[in-house]
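Hello,

Here is the structure I promised to send over. Have a look at it first, and then read on for what turned up in it.

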Amino acid sequence: MVFNIALSAFVLALPLLLVDAASTKRSMCSDGRSAAANSACCAVFPVVEDIVDNLFTNECGDSAHGALRLLFHDAIGISPTAGGGGADGSIATFNATELTFPANLGIDDILDDLGPFLLKHSNVLSAGDFIQLAGAVSLVQCPGAPRIPFFMGRPAPVAASPPNLVPQPTDDITTILDRFGSVGFSPAEVVAVVGGSHSVAGADDVVPNFEGVPFDQTPAQFDTQIFVDVLLRGTAFTDGQGAQSGESETAVAGTVRLQSDGLLARDPRTACTWQSFVNQQSKMAQAFGEAVLKLSFLGQNQHELTDCSEVIPQAIALKTGAATFPPGKTVKDIELSCNDAKFPNLRTQPGPATTVSPIPQAVSTSTAAPAS
Ligand code: HEM
């Protein structure tokens with residue numbers, strides 16, 4: 001295990017938008033179209049083209065969301081006491097073991113979707129590299145998301161992750177902060193990485209009989225709306241036809257809130273950071289990008305990896321980034337949890353209350369999961 005908590009500080013110092021084309025000497029790849037500082041990166045451009053066109057289909061949809069979730073569930077599989085290889089691809093290679101972990105519920109669908117591409121490109125990228133690449137490329141399908149660096153050269157995983165390392169939505173905040181803290185993440189970084197990722201996310205297995213239930217009003221764009229929606233009063237999911245599960249009111253019809261997100265937004269240790277991201281798009285994207293990059297190095301020695309960041313396509317700018325209150329809601333509907341700062345002034349969307357549509361489900365290209 002190459003666990004190195006000291007990596008954290010080094011990683012944070014890295015600029016996010018990384019390869020400075022003006023000062024980095026790059027050579028043309030044999031395809032005559034791409035250029036890379038390190039020729040080893042040339043083989044990755046066709047992989048990126050394939051997954052953008054055929055896996056993500058140029059959308060911030062279910063496959064892109066799944067790739068981001070997979071990046072996390074692979075990387076967090078490391079602990080200073082229990083071991084594990086971190087961002088090593090073990091979740092794919094040793095899926096027979098890791099898919100039995102309760103926190104990995106739903107990862108089988110994601111592997112069904114991504115697995116055939118991972119196998120197809122296994123001559124170019126290890127499983128760990130492919131998962132981190134797919135996660136980074138998934139982000140640039142989503143308007144507003146940062147373009148994060150990609151490093152390659154992770155060796156093949158040697159074993160499955162130990163169990164109980166992936167946080168669960170039913171965990172309390174102490175458990176979540178301790179889990180992340182044990183691999184070098186501060187509470188502020190936890191808020192950035194969890195809140196930011198759940199801005200482009202939804203659940204297939206949280207609300208019985210409903211799939212693709214978004215966590216906020218805008219699951220196809222990486223924005224700060226989640227930091228508002230999760231603070232609204234009302235916790236139940238409704239499909240717009242009336243409340244379910246005994247709750248009287250939902251914050252935003254059609255969305256669902258994870259218990260862990262609701263608690264992170266309200267806990268004294270994390271509430272002010274949570275609120276500080278409302279309408280602070282670039283601050284949030286920067287903090288999120290740095291934290292995801294840090295995840296990508298868990299269990300790896302960055303100095304032994306090759307910087308292939310130039311393979312990541314340009315980020316897509318957010319057109320309408322301002323967070324808003326849903327129709328009929330105001331700051332009075334917010335559960336104010338941060339005593340140190342006033343909640344920002346937001347516009348209320350005009351018109352009657354609407355129901356957020358489910359995220360259309362990916363049709364997997366194959367039912368074959370990668371072999372373990
Ligand atoms: C406290 C930590 C976290 C918990 C408890 C948690 C829990 C969950 C749960 C329960 C779901 C719904 C799964 C389903 O029913 O389909 C989900 C979805 C998702 N999570 Fe997290 N998560 C956490 C952190 C993260 C992080 C750090 C990332 C990425 C860096 C991430 C990315 C995602 C994405 C993108 C989805 C949507 C997946 C899809 O639509 O297929 N999560 N998360």
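Asparagine 58 sits in the loop between α2 and α3, where helices (H or I, at least four residues) and strands (E, at least two) are DSSP runs numbered from the N terminus. Its phi is near 55°, a positive value in a residue other than glycine. Threonine 57 is found in the loop between α2 and α3 (62-75) as well, and threonine 57 has a positive phi of about 45° although it is not a glycine. Most residues other than glycine have a negative phi. Threonine 57 counts as partly exposed because its relative accessibility is 42%; buried means under 20% relative accessible area, exposed over 50%, and partly exposed in between (1.4 Å probe, protein chains only).

Before you go further, please note that this is a predicted model: local features need pLDDT of at least 70, side-chain atom pairs count only at pLDDT 80 or more, and totals for chains, interfaces and linings use all residues. Residues are numbered from 1 along each chain as its sequence is written, and side-chain values use heavy atoms, with hydrogens and water left out.

Now to the disulfides, meaning pairs of cysteine sulfur atoms within 2.5 Å. By this rule the count comes to four, and with bonded cysteines counted along the chain, the pattern is 1-3, 2-7, 4-5, 6-8.

Cysteine 29 is joined to cysteine 42, S to S 2.0 Å. The link of cysteine 29 and cysteine 42 is left-handed, with -80° about the S-S bond. Cysteine 29 counts as buried at 6% relative accessibility, and cysteine 42 counts as buried at 18%.

The next disulfide joins cysteine 41 to cysteine 308, S to S 2.1 Å. This pair links distant parts of the chain, 267 residues apart: cysteine 41 is in the loop between β2 and α2, and cysteine 308 is in the loop between β6 (306-307) and β7 (324-325). The torsion about the S-S bond of cysteine 41 and cysteine 308 is about -80°, so the disulfide is left-handed. Cysteine 41 counts as buried, at 0% relative accessibility, and cysteine 308 is buried with a value of 0%.

Cysteine 272 and cysteine 338 also form a disulfide, with their sulfur atoms 2.1 Å apart. Cysteine 272 lies in helix α12 (residues 271-276) and cysteine 338 in the loop between β7 and β8 (347-348), so the pair ties together parts that are 66 residues apart in sequence. With 100° about the S-S bond, the link of cysteine 272 and cysteine 338 is right-handed. Cysteine 272 counts as partly exposed at 27% relative accessibility, whereas cysteine 338 counts as buried at 9%.

What about salt bridges? A salt bridge here is a side-chain nitrogen of Lys or Arg within 4 Å of a carboxyl oxygen of Asp or Glu, and by this rule the count comes to six. One of them pairs arginine 33 with glutamate 49, the closest N and O atoms being 3.1 Å apart. Arginine 33 lies in the loop between β1 and β2 and glutamate 49 in helix α2, so the pair ties together parts that are 16 residues apart in sequence. Arginine 33 counts as exposed at 61% relative accessibility, while glutamate 49 is partly exposed with a relative accessible area of 39%.

Another salt bridge joins aspartate 129 and arginine 154, with the closest N and O atoms 2.8 Å apart. Aspartate 129 is in helix α7 (residues 127-139) and arginine 154 in the loop between β3 (151-152) and α8 (173-181), distant parts of the chain that are 25 residues apart. Both aspartate 129 and arginine 154 are buried. The side chains of aspartate 267 and arginine 269 meet in a salt bridge too (2.9 Å, N to O); aspartate 267 is buried, with a relative accessible area of 13%, and arginine 269 counts as partly exposed at 43%.

Happy browsing, and do write back with any thoughts.
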